[in-house]
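Please work through the exercises below with the sequence and the model side by side. Each begins with a task sentence and continues with a solution in steps.

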Amino acid sequence: MDDPPRAALLLDLASLDVMSGHHGVRVAHGRLLEQLSRNRRLVRATAYGVRDDDRPDSEQRLADLAAEGFKVIAKPLRRRADGVRRASLGIDIAVNALELAPHLDALSLLTTDADLVVLVEAVQRRGVRVEVVTSRELAPPVLMEAADDVVEFSSLLDLVTSEGPGRRSVPTERGNARPRLDPPPRRRSRRRSSAKPDPEAVQAVLAAETAETTSDPQPPPEKSRTESPPSQPSEVTPAAPAPASVKVLPQEKLSGRAVRKSSDEP
């Protein structure tokens, strides 16, 4: 009988939160570990998460993971110079995977982070078969292309879902390193969208116009016999222009004063 392959499971909690929130479920970590280590000799199962002082359930969740068989590696969220709070765990995952590679036949990596593609290829060069547990809807294609096997996260939901609310408040890195669960809200446009006309109303208007054009027009009322025919316009002779009245002004000197008549003049 062949010995089962030696395997390890590296669990990126930030990616697990994104996938479980996308499907609206709550994952039981112990059941997930059982499913991914079936028919294998488990060498190590490690969960990578963050500690957030703003969330009181942070420490409790990490304690539950340790009780369910995971080795927990957690870092506190730190504020960078640009104000973003992050806990860089990618380097911890890479170092642990390369240290475990000589003792493994297979590695299960649960993540949606495209930055770990380099790690997948480095572990493969050491003769280890890499299995990526991810969601095709959330993970980049380059991550799935680099893996030897891809386990669709949605195929495990019936086996690993626990009782309780679908979404849980868990600490995650604040920044652009992890995929977002929900897209940012879109701004509403101030332009009014043009409403489409009602097809029934359009047909009713066309029918009414057709009825008006096809109906018999009413004959115009008969003219009275006593009505005289319109008179023909007569030729109008233009009147002679009236002679313009001439206004005699007194004779003026150059100074503008009127010249008076002398006594000798008649």
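**Exercise 1: Salt bridges across the chain**

Arg40 and Glu131 form a salt bridge in which the closest N and O atoms are 3.1 Å apart, a salt bridge being a side-chain nitrogen of Lys or Arg within 4 Å of a carboxyl oxygen of Asp or Glu. The model is predicted, so local features need pLDDT of at least 70 and side-chain atom pairs count only at pLDDT 80 or more, while totals for chains, interfaces and linings use all residues. Residues are numbered from 1 along each chain as its sequence is written, and side-chain values use heavy atoms, with hydrogens and water left out.

Step 1. Arg40 sits in the loop between helix 2 and strand 2, whereas Glu131 belongs to strand 7, 91 residues apart; helices (H or I, at least four residues) and strands (E, at least two) are DSSP runs, numbered from the N terminus. Arg40 is partly exposed, at a relative accessible area of 24%, and Glu131 is buried, at 11%, where buried means under 20% relative accessible area, exposed over 50%, and partly exposed in between (1.4 Å probe, protein chains only).

Step 2. Lys75 and Asp92 form a salt bridge with their closest N and O atoms 2.8 Å apart. This pair joins strand 3 (residues 71-76), which holds Lys75, to helix 4, which holds Asp92, across 17 residues. Lys75 is partly exposed, with a relative accessible area of 27%, while Asp92 is buried, with 19%.

Step 3. Arg61 and Asp17 also meet through their side chains in a salt bridge (2.8 Å, N to O). Arg61 lies in helix 3 and Asp17 in helix 1, 44 residues apart, and both Arg61 and Asp17 are buried. The count by this rule comes to seven salt bridges.

**Exercise 2: The surroundings of strand 7**

Task: explain why strand 7 is described as largely enclosed, and identify the strands that pair with strand 7.

Step 1. Of the six residues of strand 7 (residues 129-134), five are buried, so the strand is largely enclosed by the rest of the structure.

Step 2. Strand 6 (residues 106-110) pairs with strand 7 in the parallel sense over five bridges, pairing being assigned if DSSP finds at least two bridges between two strands.

**Exercise 3: Packing of helix 1**

Task: decide whether helix 1 is largely enclosed or largely open, and list the elements against which its buried residues pack.

Step 1. Nine of the eleven residues of helix 1 (residues 13-23) are buried, so helix 1 is largely enclosed by the rest of the structure. Among these buried residues are Leu13, Leu16, Asp17 and Met19.

Step 2. The buried residues of helix 1 pack against strand 1 (6-12), helix 2 (29-36), strand 2 (41-51), helix 3 (58-67), strand 6 and strand 7.

Step 3. After helix 1 comes Gly24, with a positive phi near 70°.

Technical notes:
Contact means heavy atoms within 4.5 Å.
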